[in-house]
Amino acid sequence: MRHARLTTALIGTALLAALAAPAAADRPIEESLELAADGELQVEILSGSLVVHGWDRAEVRVTGSVGDDVDDLDIGGDGRRAWVEVDGDHARSRHDLDADLEIWLPSTARLLVDTLSADIGVSDLAGELELGSVSGDITVSGSPSSIEAETVSGDVRLDGADSRSGTAVAVETVSGNVQLHGVGRTVEASAVSGTIEVSAVAQVHDIGLETVSGGVELEAALAPGARVDISSHSGSIVLRLPGDTSASFDVSTFNGSVDNDFGPPAQRVDRFGPGKSLEFSTGGGDARISIETFSGDVGLKRQ
Amino acid sequence: MDERTSEERLLVERASAGDVPAFEGLYRAHVDRIHGLCLRMLGDWQQAEDLTQEIFVKAWERLGTYRGESRFYTWLHRVGVNEVIGALRRRGRWQDRFTAPGDLPEPSTVRFTEPADGVDLERAIGGLPPVARMVFLLYDVEGYRHHEIAELTGMAEGTSKANLHRARRLLRKALHP
Amino acid sequence: MTCRETLDHLDDLIDGRLAAGERQAVRDHLAGCLPCSRELAALRRLQGRAAELPGVTPRRDLWPAIRDRIEPSVEPAGDGGAGTNARLAPTRRWWPLAAAAALAVAVLLPRPGSRSTPDGRATMRTEADATPRVLLLETLEARRGELPAESVHAIESDLEILDHAIREIEGALEISPQSRRLRLLLADRRQQEAELLKLLARA
């Protein structure tokens with residue numbers, strides 16, 4: 001958990017949710033507080049579920065319920081920074097430390113979320129998102145200005161179908177599967193065994209993808225001067241590009257195969273051992289594409 | 001054509017034909033500048049040395065594509081800058097590296113300045129934020145134009161200009177607090 | 001033109017990007033303003049010094065290693081013991097060890113400087129022990145109880161995958177020591193290992 005990031009010494013009015021002596025299995029939550037449109041909300045929950053919506057009020061609203069073993073649900077803020085935190089005894093069995101929350105916040109505010117296993121769902125936010133979970137899945141829809149998402153085994157899914165404004169996306173996971181649809185401009189994603197699928201709506205400018213054993217699929221139109229870097233060990237890489245793509249390609253693999261719709265086949269590069277490489281250009285050679293694998297197969301497909 | 005240029009031409013010709021000692025001559029002539037670029041960009045001796053090696057090996061592999069249209073150093077240098085940028089990208093979140101600075105400079109007080117000492121300048125450059133440092137090194141030290149920097153790094157030309165402005169402002173401030 | 005506007009335009013002035021009208025306006029201001037003139041002089045001096053920054057000689061001669069890569073050496077003598085095998089490239093550490101050690105402290109592991117042997121005596125852990133892999137496994141052990149089982153399993157099995165990948169590349173490098181692309185791949189994977197450690201520290 002990102003304890004170091006919690007600024008528990010924030011100035012402001014702390015509204016501790018008054019939790020009556022446990023009687024019901026779950027305790028309902030209903031809180032509202034002011035937050036400026038360009039403010040920031042930090043949410044930290046261990047488990048349960050989190051759904052966040054953007055709206056046009058300068059206010060944060062938190063509803064939902066928390067489990068019996070939750071000692072404190074700390075909700076507070078000073079008008080510019082707000083926080084929602086579950087405090088519980090981490091050493092105890094986490095049976096009832098669930099917080100199932102639904103939150104509304106100003107659509108241009110910044111959102112930071114840290115959780116262990118809650119699934120996170122975010123929609124209609126236009127600001128910066130920093131979302132971290134260990135096993136929870138992360139799902140974002142809409143066009144935030146930037147997204148940083150990090151999981152160990154949770155999946156990450158972004159649906160920015162209307163995003164032409166150029167969300168900057170950075171995703172890191174170990175075994176989660178990453179699906180980024182309708183992203184534009186800059187994308188960076190890294191996984192070990194997780195797979196990465198990226199499809200863009202607007203022209204992309206800068207893409208860096210890497211996996212070890214997971215596969216990578218990228219479908220995109222490239223802006224002039226775009227850079228694409230994809231690296232994998234044994235995962236296969238499939239690139240789907242429009243037929244009129246203007247790019248220079250630098251593809252190499254030590255043991256894998258290269259299937260190229262755009263032109264020449266790969267050449268054996270090293271007279272002392274295996275290894276194939278392929279360098280060629282299409283159109284004006286405007287964008288730059290670099291693909292490296294150890295044993296993963298590479299497919300360059302014309303759309 | 002001066003003597004040094006024609007001598008170098010000869011070395012390049014022979015190196016292109018596979019003459020390793022000739023390539024060593026080219027290496028000796030240019031390693032300090034290439035290594036200096038790497039060191040100032042990466043801020044780490046070991047990495048700078050490793051990268052310098054990679055650059056020369058790549059230059060050897062690519063010698064066939066050098067047609068003499070520009071000075072050899074210019075061509076070699078381009079190979080170098082590409083490798084450095086590749087190394088920077090592999091380091092981590094390049095997203096942080098290529099966005100425009102949030103605070104465009106607004107000089108609110110006028111500073112009276114004196115010439116800077118060489119050592120201070122190196123330290124000040126090392127203290128620049130990575131993107132600003134890179135643009136400053138490419139523009140003011142290595143002599144690239146903004147459109148070339150934009151092409152090499154993938155940032156917009158405006159971002160390059162803004163970063164240069166920021167670097168120069170930060171350097172002046174660092175050298176004369 | 002005010003001082004502030006002039007100062008804002010100085011960069012464009014020395015880079016030759018001002019239109020004639022603006023250039024004249026800046027020059028007119030400079031003619032009558034000593035502080036701004038001094039600022040311009042300082043900027044020019046900075047630029048001058050930057051352009052003169054010298055090359056930096058590497059700490060050691062890199063040529064032998066480069067030569068070995070571009071011109072593979074002859075087979076070493078078959079005595080098996082005396083000389084080093086010139087075809088084997090020394091494995092290079094790509095990750096910043098200092099950073100890895102710092103992280104170990106950050107995740108509240110036992111002090112990385114010592115470790116107890118079964119009979120109770122402390123032994124010094126050498127720098128070589130503090131690889132990201134070792135730190136990752138130790139962090140995982142320390143936090144096994146807190147983390148969801150699926151995630152612990154993901155880290156263990158993916159660490160195996162990363163390890164296997166690194167070993168495969170190292171094996172390939174023994175056959176093709178001059179392959180730059182293999183070295184780049186190795187660097188990428190080692191970087192990923194270091195990033196994995198940071199991710200776990202934050203989890």
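Predicted model: local features only at pLDDT ≥ 70, side-chain atom pairs only at ≥ 80, totals over all residues.
Residues are numbered from 1 along each chain as its sequence is written, with chains lettered from A and ligands numbered from 1 in the order in which they are written.

Helix α3 of chain C covers residues 34–51, 18 residues in total. Helices are DSSP runs of H or I with at least four residues, strands are E runs of at least two, and both are numbered from the N terminus. From first C-alpha to last, α3(C) reaches 26 Å, close to the 26 Å expected at 1.5 Å a residue. That expected span is 1.5 Å times one less than the number of residues.

The buried residues of α3(C) are C:Cys36, C:Glu39, C:Ala42, C:Leu43, C:Leu46 and C:Ala50. Seen down the helix axis, they fall within an arc of 115°, so they line one face of α3(C). The arc is taken from the directions from the helix axis to the C-beta atoms. The buried residues of α3(C) pack against elements of two chains. From chain B come α7 (130–141) and α9 (157–175). From chain C come α1 (3–14) and α2 (20–31).

The contact between chains B and C takes 35 residues from chain B and 36 residues from chain C. Two residues are in contact if their C-beta atoms, placed from the backbone, lie within 7 Å. On the chain B side, α2 (20–42), α3 (45–62), α7 and α9 each give two or more residues. The largest share, 10 residues, comes from α3(B).

Two nonpolar cores follow. Each is a set of buried Ala, Val, Leu, Ile, Met, Phe, Trp, Tyr and Cys residues joined through C-beta atoms within 7 Å.

| Core | Size | Members include |
|---|---|---|
| Largest | 108 residues | A:Leu111, A:Val169, A:Val198, C:Ile169 |
| Second, separate | 50 residues | B:Met41, C:Leu7, C:Leu10, C:Val56 |

In the largest core, the four members listed touch the most other members. Helix α7 (residues 149–175) of chain C gives the largest share of this core, 11 residues.

Chain A has zero helices and 25 strands. Of its 303 residues, 51% count as buried.

Conventions. Buried ≥ 20, exposed ≤ 12 C-beta atoms within 10 Å, placed from the backbone.
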